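Work through the exercises below with the structure open beside you. Try each task before reading its solution.

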Amino acid sequence: MKSFSSNCDPQLLQRSLEDVLSEQQEEWLESHLEDCATCQQQLTELAGDADGWSRVEAVLREEISGTHPLGRGIISTLIPGNLESPVQSSRRFGREILPADFAVDFLEPGREPDSLGRLNDIEIRAIIGHGGNGIVLKGYQKELNRLVAVKVMAPQLAANAEARKRFAREAQATAAIVHPNVMPILTVHSRSQLPYLVMPYVDCESLQQRLDREGSLPTLDVLRIGHQVARGLAAAHAQGLVHRDVKPANILLERGVDRVMLTDFGLARAVDDATLTSTGLIAGTPQYMSPEQARGDSVCTQSDLFSFGSVMYAMSTGRPPFRAQTSYGIIRRVIDDDPRPIGDLNSEIPIWLEGLIERLLAKHRDARFTSADEVAFLLQECIAHVQQPHSNPLPQTVKSLAKTRRRTQRAKGTQLRIQLIMLASLAVTLVVILIASGAFDRETNPDNPVGENPYQQNELTTSAPIKSRGESAAAWNDGIGEDLQQLDVEMDRLLEKLDLSELNEHETSNQPKGQ
Amino acid sequence: MDQPETRHSLIAHLKGGDNERAWVEFVTLYEPFLQHLVIRLGVPQRDVADVVQQVLLTIAKSVDGWKDDGQSASFRRWLTTVARNIVIKFMHKERRQVGGRGGSHFVELLEQVPATPDREQIARYEHELIVWAAEQVRHEFIDTSWTAFWATVIDGQLVKDVANQLGITCGSIYMSRSRIMARIRRKVDEVLDDALTTEDHP
């Protein structure tokens with residue numbers, strides 16, 4: 001890698017198009033491309049000949065100009081939303097899609113002046129967030145005099161009988177988890193037009209919001225939040241439930257109280273079903289996925305531990321452990337790469353905590369801790385240690401992890417061997433995915449019948465999540481909602497944009513009037 | 001969900017082997033595009049799956065007409081061309097009946113594989129493919145990358161200006177926009193294969 005300095009490397013350019021560069025190579029190439037006109041030119045040519053570029057350009061221009069017969073009246077998701085240009089802003093004007101659109105049919109007329117509509121006994125007052133999985137509404141139950149959050153399943157999922165069944169089953173199972181660190185579910189309506197579930201409305205922010213605002217957290221906070229999440233997970237695992245979508249956006253921090261709640265149980269599972277394509281991968285951001293999930297393999301409670309490890313990493317460093325520009329790039333890193341050592345990014349994190357997180361992030365599930373319960377216990381001991389180091393020694397397991405870490409850093413040979421194993425398992429994975437891509441044809445030969453294309457394998461791995469997302473969004477939009485596509489994965493992010501506390505205060509002051 | 005059934009009946013036609021594999025792969029790649037297309041054609045939501053199914057079925061039924069030309073990937077090339085012609089025909093029919101119900105009557109309409117479509121029809125088909133591919137690919141990239149691609153390639157703004165506006169480096173714009181272009185073309189090629197350049201017909 002050092003030899004690249006000031007030399008142009010066409011191979012690196014080609015690999016950049018395939019999105020298989022390491023983080024360092026990517027950084028290097030980025031700065032090299034800044035000034036090297038030759039490489040800029042060459043990269044452009046590698047991506048496609050002049051004819052190819054201009055054909056795509058012409059089509060996309062025609063598409064957004066609205067002159068194309070089929071494109072007319074359809075909201076394009078192609079136009080980026082975060083750049084101001086005269087053409088775009090004028091086009092975007094009037095294209096705003098009300099997030100309530102899909103809920104309009106669904107709600108009955110409200111009985112209160114400030115109500116958007118009614119859902120059985122709940123007066124809906126606001127939309128908290130929305131995305132591909134569904135919509136989250138804020139409601140008020142008059143009889144019980146309480147605020148609730150209502151999560152409504154997206155229509156394209158509701159159309160799938162299997163997804164509905166799972167939704168019901170999982171939601172019921174979740175309702176059975178009674179634990180202070182798990183967001184409770186009050187009611188499940190799985191047989192209504194669109195299934196929905198009702199949760200208490202809690203004044204909170206998500207861990208994602210906090211990380212966005214503050215970056216990395218102090219060690220004690222990492223431990224405290226981690227401890228409670230681990231306890232919530234343990235409670236779920238005790239019920240035989242795998243969360244499968246542990247990420248900062250699904251971890252809620254109650255305001256003013258030192259309480260952490262895990263949310264979005266089971267929904268992830270229902271989502272997988274409807275969007276599971278024949279290629280066997282799931283949609284969604286893969287940043288916190290475990291390697292087995294990223295490969296489309298079966299998941300178990302240890303998979304949640306990996307995701308939990310990613311969350312711990314994010315709290316310690318302010319960024320998720322595996323980052324890349326594309327979903328495929330992320331998946332590849334989740335499967336292949338070791339994250340940058342936490343100590344490199346935040347030297348204040350003690351080495352034993354770093355070791356603990358690395359163990360959670362072990363590529364192989366058996367190399368992680370045995371249970372969330374064990375992790376919760378260890379974290380509790382760690383908290384005691386940090387608060388009073390003299391009277392509370394670190395648990396032996398954690399102490400030994402700190403040592404392990406120093407040793408692996410020196411043992412390059414071991415690392416090489418691990419990489420070889422990873423490579424082999426990746427190869428196996430690709431074959432598995434190839435086979436899975438012919439889901440109904442179990443005898444499909446994994447040979448590549450289409451051609452010599454060197455990207456073929458990457459293609460199959462990468463196309464799945466994208467395709468599934470496209471499909472589900474396409475099914476949903478019904479001709480008007482293509483803009484909603486881009487919200488698909490961003491449900492939680494949208495949630496965060498709304499200041500829940502502000503809403504809540506507003507709500508409380510309004511309450512007497514509402515009655 | 002009657003999908004597997006169609007596939008099943010077709011599999012009988014294909015009698016296993018390379019062609020069966022080519023079909024499986026073709027459907028996997030083609031179906032999402034068909035779905036997109038059918039929605040764009042204004043077919044009501046509840047009928048989308050049905051119509052997609054009908055089109056696939058029509059393609060499947062035409063398998064009987066295939067003759068091996070002895071060249072490589074003969075079946076796949078042929079399949080792509082037939083699919084294109086059927087879809088073009090479908091686009092034509094369906095546009096005249098937007099708002100009408102999609103359903104079994106399409107099968108009859110589509111039964112006769114059309115003669116060679118004209119240049120304009122092919123261009124329209126290609127347009128749909130590229131738009132579809134771009135929409136698929138868009139989600140693989142973070143917003144900033146896509147915005148940079150759009151601003152510099154489609155809107156024709158200067159890389160330097162866009163980099164400033166977005167607070168990223170020019171280098172990263174060069175990198176991500178080429179990546180996006182390569183992906184779009186790749187996506188199109190998967191479905192298109194070489195059918196649009198090779199004018200062979202059953």
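The exercises that follow concern a predicted model.

**Exercise 1. Compare the make-up of the two chains.**

Solution. 
Step 1. Take chain B. Read from the N terminus, its elements run α-α-α-α-α-α-α-α-α.
Step 2. Look at contacts with a separation of 6 or more. In chain A, residues 24 or more positions apart account for 65% of them. In chain B, the share is 74%.

**Exercise 2. Decide where chain A can be read in detail.**

Task: Find which stretches of chain A have pLDDT under 50.

Solution. 
Step 1. Start with the whole chain. Chain A averages a pLDDT of 70, and 63% of the residues score at least 70.
Step 2. Go to residues 1–5 of chain A. Here pLDDT stays under 50, and the model has 5 contacts beyond four places in sequence.
Step 3. Go to residues 437–515 of chain A. Here too pLDDT stays under 50, with 158 contacts beyond four places in sequence.
Step 4. Apply the rule. Where pLDDT is low, the predicted coordinates should not be read in detail.

**Exercise 3. Trace the strand pairing in chain A.**

Solution. 
Step 1. Inspect one pair. Strand 8 (residues 251–254) and strand 9 of chain A are joined by 3 bridges. Leu252(A) has Met261(A) in strand 9 as its bridge partner.
Step 2. Move to strand 6 (residues 196–200) of chain A. One bridge pairs Val150(A) with Val198(A).
Step 3. Take the other pairing. His189(A) is partnered with Tyr196(A). A hairpin of 6 residues joins strand 5 to strand 6.

**Exercise 4. Explain the setting of helix 7 of chain B.**

Task: Why is helix 7 of chain B described as largely enclosed?

Solution. 
Step 1. Check its length. Helix 7 (residues 143–154) of chain B has 12 residues. From first C-alpha to last it reaches 15 Å, close to the 16 Å expected.
Step 2. Count what is buried. In helix 7 of chain B, 10 of the 12 residues are buried, so the helix is largely enclosed by the rest of the structure. Among them are Trp146(B), Phe149(B) and Trp150(B).
Step 3. Name the surroundings. The buried residues pack against helix 4 (50–65) of chain A, and against helix 6 (119–138), helix 8 (159–166) and helix 9 (170–192) of chain B.
Step 4. Zoom in on Ala148(B), which sits in helix 7 of chain B. Ala148(B) counts as buried because it has 29 C-beta neighbours inside 10 Å; the cut-off is 20 or more.
Step 5. List contacts beyond four places in sequence. Those of Ala148(B) include Val162(B), Leu166(B) and Ile173(B).
Step 6. Look just past the helix. Gly156(B) takes a positive phi of about 70°.

**Exercise 5. Locate the nonpolar cores.**

Task: Which residues have the most contacts inside the largest nonpolar core?

Solution. 
Step 1. Name them. They are Val38(B), Val55(B), Ile130(B) and Ile184(B), in a core of 71 residues.
Step 2. Find the main contributor. Helix 2 (residues 17–40) of chain B gives the largest share, 12 residues.
Step 3. Look for another core. A second, separate one has 62 residues, including Leu211(A) and Trp352(A).
Step 4. Follow Ile184(B). Beyond four places in sequence, its contacts include Val56(A), Ile130(B) and Ala133(B).

Methods
Residues numbered from 1 in each chain as written. Chains lettered and ligands numbered in written order. Predicted model: local features only at pLDDT ≥ 70, side-chain atom pairs only at ≥ 80, totals over all residues. Core = buried A, V, L, I, M, F, W, Y, C linked by C-beta atoms within 7 Å. Helix = DSSP H or I, 4+ residues; strand = E, 2+ residues; numbered from the N terminus. Contact = placed C-beta atoms within 7 Å. Expected span 1.5 Å × (residues − 1). pLDDT = per-residue confidence, 0-100. Pairing = 2+ DSSP bridges.
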